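Q: I am new to this structure. Can you show me how to read it, one feature at a time?

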Amino acid sequence: MTDVRIVHLSEPVFRALVDGDLAAANALSPVPLTPPFAGEEWRGVWRMRLAQAEEDPSSAAWTTGVIWDEESRTPVGRAGYHGPPDEDGMVEIGYAVAPEHRRRGYARAALEALLRRAAEEPLVRTVRVAISPDNEPSYLLADQYGFVEVGEQWDEEDGLEVVYERPAHLPATPTPDQG
């Protein structure tokens, strides 16, 4: 099993990443970052997280951080929740693995880390993921962890997404008949 943790970032790091300034981000980040973090593809996510951190600094402890491989001491992607639990106790998971690190179990490890945290947080009752209809690998991964389809939504950045949810208290391991 891949050993990862999610390292959360601060408002100044989000700002540097929005600016595409990897050197400034690395001067402020608790772990070293690589070019994908400051690249155009992830900049929209950092803009959203910066706006959240500016509005509510405590939200940074919930939102997107670095998927950090503990063994290789390498940043391999980004993962977190879209924000703190809402009034209904729901959190939505988001993650992306840098292209050079895909197909090595990092998405699964990040998902499990986020599911464990959700299960440990008393305010969280429901975990959600929203997946593009053509993203079969993400769907197949979510399906193994008891997520069930509850609807669809339109995302300004990603387009049409199918929404899946599961109770937060379920184990953060694949279901026996799926995984």
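Predicted model: local features only at pLDDT ≥ 70, side-chain atom pairs only at ≥ 80, totals over all residues.

Q: Which residues of helix α1 are buried?
A: Buried means under 20% relative accessible area. In α1, which covers residues 11-18, the buried ones are Val 13, Phe 14, Ala 16, Leu 17 and Val 18. After α1 comes Gly 20. The phi of Gly 20 is positive, near 75°.

Q: Let me step back. How many helices and strands are in the chain?
A: The chain has 6 helices and 7 strands. Read from the N terminus, the order is β-α-α-α-α-β-β-β-α-β-α-β-β.

Q: How do I judge the overall form of the chain?
A: The C-alpha atoms fill a box of roughly 45 × 35 × 30 Å along the principal axes. Of the 179 residues, 46% count as buried. The accessible surface comes to about 9,100 Å². Carbon and sulfur atoms hold 50% of that surface.

Q: What share of the contacts join residues at least 24 apart?
A: Count contacts between residues at least 6 apart in sequence. Of these, 59% join residues at least 24 apart.

Q: In what order do the strands lie in the sheet?
A: The order is β1-β2-β3-β4-β5-β7-β6. These 7 strands form an open sheet, and the pairing is mixed. The edge strands are β1 and β6 (148-155), each pairing on one side only. On average, neighbouring strands are turned by 35° against each other, direction ignored.

Q: How do I follow the pairing through the sheet?
A: Look for bridges and note the direction. Begin with β1 and β2: they run antiparallel and are joined by 5 bridges. Arg 5 stands opposite Trp 68 in β2. Trp 68 also stands opposite Pro 75 in β3. Gly 65 has Ala 79 in β3 as its bridge partner. Ala 79 has Tyr 95 in β4 as its bridge partner.

Q: How many bridges join β2 to β3?
A: There are 5, in the antiparallel sense. β3 and β4 also pair antiparallel, over 5 bridges. Between β5 and β7 there are 6 bridges, again antiparallel.

Q: Where is the positive phi in the hairpin of β2 and β3?
A: Look in the turn. The hairpin has 4 residues between its strands, and Arg 73 in the turn has a positive phi of about 55°.

Q: Which residues have the most contacts inside the largest nonpolar core?
A: They are Ile 67, Ile 93, Leu 115, Val 127 and Phe 147, in a core of 30 residues. The largest share of this core, 8 residues, comes from α5. A second, separate core of 22 residues includes Phe 14, Leu 33, Ala 38 and Ala 60.

Q: What does Val 127 contact?
A: Set aside neighbours within four places in sequence. Among its contacts are then Val 91, Ile 93, Leu 115, Phe 147 and Tyr 164.

Q: One last residue. Is Thr 63 buried or exposed?
A: Thr 63 counts as buried, because its relative accessibility is 0%. Thr 63 sits in the loop between α4 (40-55) and β2 (65-69). Beyond neighbours within four places in sequence, its contacts include His 8, Phe 14, Arg 49 and Tyr 81.

How values were computed
Residues numbered from 1 in each chain as written. Heavy atoms only, no water. Helix = DSSP H or I, 4+ residues; strand = E, 2+ residues; numbered from the N terminus. Buried < 20%, exposed > 50% of the residue type's maximum accessible area, 1.4 Å probe, protein only. Contact = heavy atoms within 4.5 Å. Core = buried A, V, L, I, M, F, W, Y, C linked by side-chain atoms within 4.5 Å. Pairing = 2+ DSSP bridges. Axes fitted to C-alpha atoms, helices over the stretch in contact; angles between N-to-C directions. Areas by Shrake-Rupley, 256 points an atom, 1.4 Å probe, with all protein chains shown as cover.
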